[in-house]
Amino acid sequence: HANDAITRKDQNDYNGQDMIDWIRANGGTVSPKQQIRREIPGDTSTLRGVYATEHIEPGEVLVSVPWDNIIKRQNYDNWKEW
């Protein structure tokens with residue numbers, strides 16, 4: 001499994017960088033104007049989410065993932081083996 005090496009502490013501080021790297025390595029884009037983090041960084045009792053780091057214009061693309069890399073019903077069986 002891809003995330004077996006992530007420790008519990010790492011999961012609490014997870015910033016999604018491995019996912020962002022994977023999206024970019026597979027032809028997608030991720031805007032640097034956002035980050036995955038806790039609502040209050042370091043406070044594991046707060047929600048994790050995607051937060052803007054600077055102003056985002058209406059209609060600005062934040063994430064683009066090529067269709068071949070989208071998890072869909074046709075390839076779910078292969079994905080769930082992770």
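**A lysine and its surroundings**

The side chains of Lys33 and Glu60 make a polar contact at 3.0 Å. A polar contact is a pair of N or O atoms within 3.5 Å; within protein, one must be able to donate a hydrogen and the other to accept it, and residues adjacent in sequence count only if both atoms are side-chain atoms. The model is a predicted one, in which local features need pLDDT of at least 70 and side-chain atom pairs count only at pLDDT 80 or more, while totals for chains, interfaces and linings use all residues. Residues are numbered from 1 along each chain as its sequence is written, and side-chain values use heavy atoms, with hydrogens and water left out.

The Lys33 side chain also reaches the backbone oxygen of His55, at 3.5 Å. Lys33 itself sits in the loop between strand S1 (29-30) and strand S2 (34-38); helices (H or I, at least four residues) and strands (E, at least two) are DSSP runs, numbered from the N terminus. Lys33 counts as buried because its relative accessibility is 19%, where buried means under 20% relative accessible area, exposed over 50%, and partly exposed in between (1.4 Å probe, protein chains only). Beyond its neighbours within four places in sequence, Lys33 is in contact (heavy atoms within 4.5 Å) with Tyr51, Ala52, Thr53, Glu54, His55, Ile56 and Glu60.

Strand S4 (residues 63-64) contains Ser64. With a relative accessible area of 34%, Ser64 is partly exposed. Not counting residues up to four places away in sequence, Ser64 touches Ile23, Gly28 and Thr29. The C-alpha atoms of Ser64 and Arg24 are separated by 9.1 Å, although these residues are 40 residues apart along the chain.

Now the chain as a whole. It has three helices and four strands, and from the N terminus on the elements run α-α-β-β-β-β-α. Of its 82 residues, 16% are buried. Among contacts with a separation of 6 or more, 39% join residues 24 or more positions apart.

Confidence is given by pLDDT, the predictor's confidence in each residue, from 0 to 100. The chain mean is 81, and 73% of residues reach 70 or more. Over residues 1-6 pLDDT stays under 50, and the model has seven contacts beyond four places in sequence for them.
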